[in-house]
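Subject: Structure for your review

Dear colleague,

Please find below the structure that I am handing over to you.

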Amino acid sequence: MKKNLSAITLAALAATSHAAGQADPHLWLEDIAGEKALKWVKSRNQTAEQQLMTADSAKMQADIMGVLTAQGKIPYVSKRGNYYYNFWTDAQHQQGLWRRTTPAEYRKPNPKWEVLLDIDALNRQEKENWVWHGADCLKPDYSRCLVSLSRGGADADVTREFDLNSKKFVENGFYRPEAKGSLGWIDRDHVFVSTDFGAGSLTDSGYPREVRIWTRGTPMASAQKIFAAGQKDMSASAARDHAKGFERDFVYRTIDFYNDELYLLDQGRLKKIEDVPNSVKKGVVRRYLTLSPREDWTLNGKTYKAGSYLVADFDAWMRGKRDITVLFEPDAHTSLDAAVWTKNHVVLNLLHDVKNRIVVLDERKQWKQGGIKDLPDNSKIYASAVDEDNSDQVWLTVGGYTQPDTLYLADAAGSSEKLKSAPAFFTAADYTAKQYFAVSKDGTRVPYFLVAHKNLKADGKNPTLLYGYGGFEVSMPPHYSGTVGRAWLERTDQTGRHGVYVVANIRGGGEYGPAWHRAALKENRHKSYEDFAAVARDLAARKITSPEHLGAQGGSNGGLLMGNMITQYPELFGAVVVQVPLLDMQRYSKLLAGASWMAEYGDPDKPEEWAYIRTFSPYHLFDPAKKYPPVLFTTSTRDDRVHPGHARKMMAKMEAAGKDVLYYENTEGGHGGAANSKQQAHMNTLAYAFLWQKLGNRK
């Protein structure tokens, strides 16, 4: 079901959709834009705003808006040719400006920018609500770009050709209509296109299964098909590597989130990268084939650990040679967060007990190891190459829970320079950030970070917010959030106690590499929930807080986590915020992009897998006779990734049972929940206002 469900279709499904053969009385709420469903949404939105938008929360919203639109934000850039490009939003430009400046100008405290495209002005001109999705500019002169714009923030977008010289969209240029998919440059007159070509062209997950080559001046429908993935695969795509001297075309078959195939497109023929398991992440950087095993992999008698980072000579591999060099191997405390290539180096961004550190390998010296000087410890570090083909410079963004981000311009050879710093939104000296470990049900030590005022009194009465995700190998290292600082850490309850913020690094994430993720896949999903519950209990044992003062928050897969906290561990929490969630795990694979996540959760249509999926399906675990903590559900009508029906139906079920529950659905925003800063500030305000009302008696 990739489109809105009609009333007739919903009625036909109702008799067979629910567990034990019982009809689901709330199935009609899956009709995303149905008049009856939207009327229901409007009513619940009004109730939530009436209860949560007080004078106190209005001030909070203004504070959050000040954070989101601050002029002192770091303008992060990407280098294309002789310019640095940036996308910028502020109070006057809610949808944003695409702009550029020179490297010399960028070093100044207040650079002068050349505006290329004003999205707010475009929206006024076209009477649309476009949200920026990015631009792909053609090397080497970068005069033409493929600009992607989303209507209302959905995953589906349009792609339009843009001329950087005239600063206008190209008349009769390349144009891909609204759909999930992509355009990518081959050369000035040819692009790879993956999109909705009509019946049979999408996978069960709703993503493109065809890759075509489209020639300028011809209809997109007549583009030459070069590859088609399977109907049950996740997607197919293609891209050209434009690195000078290494120009190659590649086709990607994504089978699921954790299995894929890579093909070289050579003179019209597809050549598969052989002898590499589908579970190994594959890439090509200039002369190297890069390999990252998700599971232990044995080749020619040698075993490479899951989470390793390996390279081989690409051309030699295609000729049948199987010589591999190990650039990184994990241990019990250290995993690879990312690998960044520069002209002569590989910059390894590692996580050591969920804190980043940088290691640099020199290709010219048989991968000799070095580092970058003068970087702070115990921080989150994000690294990216300035110009990977022509330079050894690296951008490093360094921050922490109490440390606003600082942008460094570093040389992979070792030196670094502070270039720009983000403003502080709360007084760091008043707060401490510490790491603790809780012990889960099976004895696993689970790390978590706690941020609290330095005058914290350990008497179990502090309003505390516990955040988690725990899925898809996503790591959650320390990061600075002015919104959390302003809306939670700096504020106090009626007795003057500051909010405490906690992030749990539970299994299912990638904090300790693929094994940490695999430990909570499918039938082991319960381990994520046991880990989160263990952190909640540990906070109580340390007398940081107690159930009546402990709130929990999570979105998407984290929303599924929250649904399981509500239904399986209700005694541990005083309030729960559930954002853009999965909740009906019997029908998730039939809704929007849900089929693409079966590698994570399992297939509910297989009885043997539904048997364990049902044990973490909050919609089916709900018991109207049980006592549950107060709950706020938030989602988006325009979320075309996780169906808003999950949150709608769970709300309806809990509301019918008389539980303390509120619901708010933004009409825009896609899976992020908000399409601009104003909407984001409002959604955040609703969540924090709810938590303060329930945990801190603050009206």
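The notes that follow cover a sheet, a helix crossing, the pockets and the cavities.

Please bear in mind that this is a predicted model.

Threonine 290 has valine 311 of strand 22 as its bridge partner.

Helix crossing

Helix 2 (residues 35–52) and helix 14 (residues 645–656) cross at roughly 65°, with their axes coming within 12 Å. The crossing of these two helices is left-handed. Helix 2 contributes Ala37, Leu38, Trp40, Val41 and Arg44 to the contact, while helix 14 contributes Arg648, Met651, Ala652 and Glu655. By class, the residues of this contact comprise 6 nonpolar and 3 charged, with no polar ones.

The largest pocket has a volume of about 1,700 Å³. It is lined by 46 residues, and the closest to its centre are Leu68, Ser481, Thr483, Gln680 and Asn684. Helix 15 (residues 677–696) gives the most to this lining, with 5 residues. The lining of the largest pocket divides into 23 nonpolar, 20 polar and 3 charged residues.

For the second largest pocket, the volume is about 1,400 Å³. Its lining has 45 residues, of which Lys79, Lys139, Tyr142, Glu388 and Asp389 lie nearest the centre. In the lining of the second largest pocket, 24 residues are nonpolar, 9 are polar and 12 are charged.

Cavities

The count of cavities of 30 Å³ or more comes to 3. In the largest cavity there is about 50 Å³ of space. Its lining consists of Tyr401, Phe426, Val451, His479, Tyr480, Ser481, Val484, Gly485, Leu489 and Tyr501. Helix 7 (residues 482–489) gives the most to the lining of the largest cavity, with 3 residues. By class, 7 of the lining residues are nonpolar and 3 are polar, and none is charged. Ser481 is listed both among the residues that line this cavity and among those closest to the centre of the largest pocket.

Yours sincerely

Terms used: Residues are numbered from 1 along each chain as its sequence is written. This is a predicted model: local features need pLDDT of at least 70, side-chain atom pairs count only at pLDDT 80 or more; totals for chains, interfaces and linings use all residues. Side-chain values use heavy atoms; hydrogens and water are left out. Two strands pair if DSSP finds at least two bridges between them. Helices (H or I, at least four residues) and strands (E, at least two) are DSSP runs, numbered from the N terminus. On a 1 Å grid over the protein atoms alone, a cavity is a set of points where a 1.4 Å probe fits but cannot get out, and a pocket is an open set with protein on both sides within 12 Å along at least five of seven lines; lining residues have an atom within 4 Å of a point. Grid points are joined across faces, edges and corners, and a volume is the space filled by probe spheres set on the points. Ala, Val, Leu, Ile, Met, Phe, Trp, Tyr, Cys and Pro count as nonpolar, Asp, Glu, Lys and Arg as charged, and the others, Gly among them, as polar. Axes are lines fitted to C-alpha atoms, for helices over the stretch in contact, and angles run from 0 to 180 degrees between N-to-C directions. A crossing is left-handed if the near helix is turned anticlockwise from the far one by less than a right angle, and right-handed if clockwise. Contact means heavy atoms within 4.5 Å.
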